Amino acid sequence: MRFLRLESGFNITQKWLQHHHQSTNLNVLWVGIINTLIVSAVGIVLSTVVGILIALASYSMNPLLAITSRIYVSIFRNVPLIIQILFWYNLWVLKMPAVQQSWSLQVLLINKRGVYLPEVNWHSAHMMLCLLLLAIEWVLLRWKQYKKVGRHYVKAYAAAPYMLLLWGITIGLFYIGYWMAGEIKMPVIGRYNVQGWHIYPEFIGLVLGLSLYTAAYHAESIRGAISAIPQGQQEVSDTMNLTSWQSFYRVIIPQALPGMLPSMSSHYMNLAKNTSLGLSVGYPEVFAIFAGTVLNQTGRAIEIIGIVMAVYLALSITIVFIMNTMNQRQAVWKGTGQG
């Protein structure tokens, strides 16, 4: 493994860790892993949100929404993923305005080079304080999420929106404080470049392709799980004078989760492994820069491919562990007879 200590000899444009041409090949590996994790996390969240919306649209009384959801699922499930990634990447690069004609939305700039957001000069102490507050809020709300029923702790879903609201308020207050202290720099078009936090078209194309493709599978899993719920459950919620949102959030979703989580776990794993297709648009994920550039420079194919396989295996096992933990909690909830 001596090749990991050698200088990489190249720079990486899109990165979350510091890297330059004198950095080691081991640092290239860490940069690739972080880039892969970021794409996977964003894709999982975005695909879940879109999948839920498409699944709900299929139950809409509006025929246009219902038909649109079916068309969406049919198109995105049957077009190869790499074609979708290339489509979104080329659409952004070719159809977005040039730098001087950027779309300006006060806090961001959009052009063919990507999206430019306000750049924050985070101080380590302030960042740690923000993370500490988020952790405290999570622990407090998590403690209130459970009530004891017999020998089981049953999840109370009503606490989740309050958790998200508190997190949003906390992060918003930190951004306001930084803005008032002059630590936030808005994106500005300079003479030769744009100043701001840069999100590249390669990242956008890869995330959109992965998310919209996976969302079609999520929508079918969610729709099937909701369809398996007895009609009497909806009738009971109607007799309790619950609103449509209360009925969906407190009655339908808790009972549908055990049916949708196993299949969504497979979808999440496929999304994480499909990040390797970032090579097609030049996104520097772990397969592209470590099993591509570093392998070509060092020729250590067996070792490098083995490391990359171990990275994807560890990522998949982590996703399975998290989803299985959630599924077991739903099984405990269902077994208490509260569903």
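1. Basis. This is a predicted model, in which local features need pLDDT of at least 70 and side-chain atom pairs count only at pLDDT 80 or more, while totals for chains, interfaces and linings use all residues. Residues are numbered from 1 along each chain as its sequence is written, and side-chain values use heavy atoms, with hydrogens and water left out.

2. Overall fold. The protein chain has 10 helices and 10 strands. Helices (H or I, at least four residues) and strands (E, at least two) are DSSP runs, numbered from the N terminus. Among contacts with a separation of 6 or more, 68% join residues 24 or more positions apart; a contact means heavy atoms within 4.5 Å.

3. Burial and surface. Of the 339 residues, 40% count as buried. Buried means under 20% relative accessible area, exposed over 50%, and partly exposed in between (1.4 Å probe, protein chains only). The accessible surface of the chain is about 19500 Å², with 66% of that area belonging to carbon and sulfur atoms. Accessible areas come from the Shrake-Rupley method with a 1.4 Å probe, and for residues only the protein chains shown count as cover.

4. Nonpolar core. The largest nonpolar core holds 29 residues, and Tyr-72, Met-260 and Ile-319 touch the most other members. Such a core is a set of buried Ala, Val, Leu, Ile, Met, Phe, Trp, Tyr and Cys residues joined through side-chain atoms within 4.5 Å. At least two residues each are supplied by α1 (25–58), α2 (63–78), α6 (201–227), α8 (244–274) and α10 (301–335). Helix α8 gives the largest share, 12 residues.

5. Tyr-72. Leaving aside residues up to four places away in sequence, Tyr-72 touches Val-50, Ile-54, Leu-212, Ala-215 and Ala-216.

6. Surface patch. A nonpolar patch on the surface consists of Leu-279, Phe-287, Ile-305 and Met-309, which together have about 370 Å² of accessible area. Patches are made of residues with over 30% relative accessible area and no salt bridge; like charges are joined within 9 Å, and nonpolar side chains (Val, Leu, Ile, Met, Phe, Trp, Tyr) within 5 Å. Ile-305 sits in helix α10 and is partly exposed, at 33% relative accessible area.

7. Salt bridges. The whole structure contains three salt bridges. The term means a side-chain nitrogen of Lys or Arg within 4 Å of a carboxyl oxygen of Asp or Glu.

8. Glu-220 with two arginines. Arg-70, Glu-220 and Arg-223 are linked in a salt-bridge network. Glu-220 meets Arg-70 at 2.8 Å, N to O. Because Glu-220 lies in helix α6 and Arg-70 in helix α2, this pair ties together parts that are 150 residues apart in sequence. Glu-220 also meets Arg-223, at 3.2 Å, N to O; these two both lie in α6, three residues apart, about one turn of the helix. Glu-220 is buried, with a relative accessible area of 18%. Arg-70 is partly exposed at 35%, and Arg-223 is partly exposed at 27%.

9. Glu-303 and Arg-300. The side chains of Glu-303 and Arg-300 form a salt bridge at 2.9 Å, N to O. Glu-303 is partly exposed, with 25% relative accessible area, and Arg-300 is partly exposed, with 31%.
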